[in-house]
Amino acid sequence: TTSDGRWFSTRIMPYRTFDDRIDGLVITFFNISDHKQLEVELNETRQIHSLLLNKSTDIILKLSIDWNIMECNAEAEKFFGRKRKEVLNQNYFQLLVPESNQKKTEKELTKLLKNGEDTNYTMLMLAPSNQQIKVEWSVNILMNSLNTPTGMIIIAKNTTKL
């Protein structure tokens, strides 16, 4: 870092002559101030994300396009009676949707994902002790820079007392 707050990356390489003798050094400075600022902003965003996710009273799940659970919050742990580490990278339908509804629910969520539709969707879920509960989810499609779906975040109000 410099005294005025800018950041530089330094590369030092030997200077070689045409007859392949080392005859000095080449020192190159790259201004990486923009990268450092992005790093600070990303770290702050990560902290805000974690705070909001874990302090929310809503049930929040992040699903990949192949329907694995990529993230869940403490409220989801309580609602489903499963620890975060038990559900991460597990198939959402196989784990949390009653077997009789899995194919139908997957087909309907796949349609929402492909259409890029943010909407509400009610589905039957498996709560602790295999209790089946209807849950209304707010379905929010995640898109990449090419406007292609990369997954979804589903959020439900925890109004059910188990």
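Author: The model is a predicted one, in which local features need pLDDT of at least 70 and side-chain atom pairs count only at pLDDT 80 or more, while totals for chains, interfaces and linings use all residues. Residues are numbered from 1 along each chain as its sequence is written, and side-chain values use heavy atoms, with hydrogens and water left out.

Arginine 21 has a relative accessible area of 48% and is therefore partly exposed; the class lies between buried, under 20%, and exposed, over 50%, with a 1.4 Å probe and protein chains only. Its side chain forms a salt bridge with aspartate 19, with the closest N and O atoms 3.2 Å apart. The term salt bridge requires a side-chain nitrogen of Lys or Arg within 4 Å of a carboxyl oxygen of Asp or Glu. Aspartate 20 sits in the loop between strand S1 (8-16) and strand S2 (22-31); strands (E, at least two residues) and helices (H or I, at least four) are DSSP runs numbered from the N terminus. Although not a glycine, aspartate 20 has a positive phi of about 65 degrees. This residue is exposed, at 52% relative accessible area.

With a relative accessible area of 57%, asparagine 147 is exposed.

Lysine 36 is partly exposed at 23%, and glutamate 39 is partly exposed at 47%. Serine 33, also found in helix H1, is buried, with a relative accessible area of 18%.

Another bridge joins the side chains of lysine 157 and aspartate 58, at 3.3 Å from N to O. Because lysine 157 lies in strand S7 and aspartate 58 in strand S3, the pair ties together parts that are 99 residues apart in sequence. Lysine 157 is exposed at 59%, whereas aspartate 58 is buried at 14%.

The elements giving two or more residues to its lining are helix H1 (33-55), strand S3 (58-64), strand S4 (69-72) and strand S7 (149-157). On a 1 Å grid over the protein atoms alone, a pocket is an open set of points with protein on both sides within 12 Å along at least five of seven lines, a cavity is a set where a 1.4 Å probe fits but cannot get out, and lining residues have an atom within 4 Å of a point. A volume is the space filled by probe spheres set on the points, which are joined across faces, edges and corners. The lining of this pocket includes His49, Leu61 and Cys72.

Leu61 and Cys72 are also among the residues lining the largest cavity, whose volume is about 40 Å³. Helix H2 (residues 74-80) gives the largest share of that lining, three residues.
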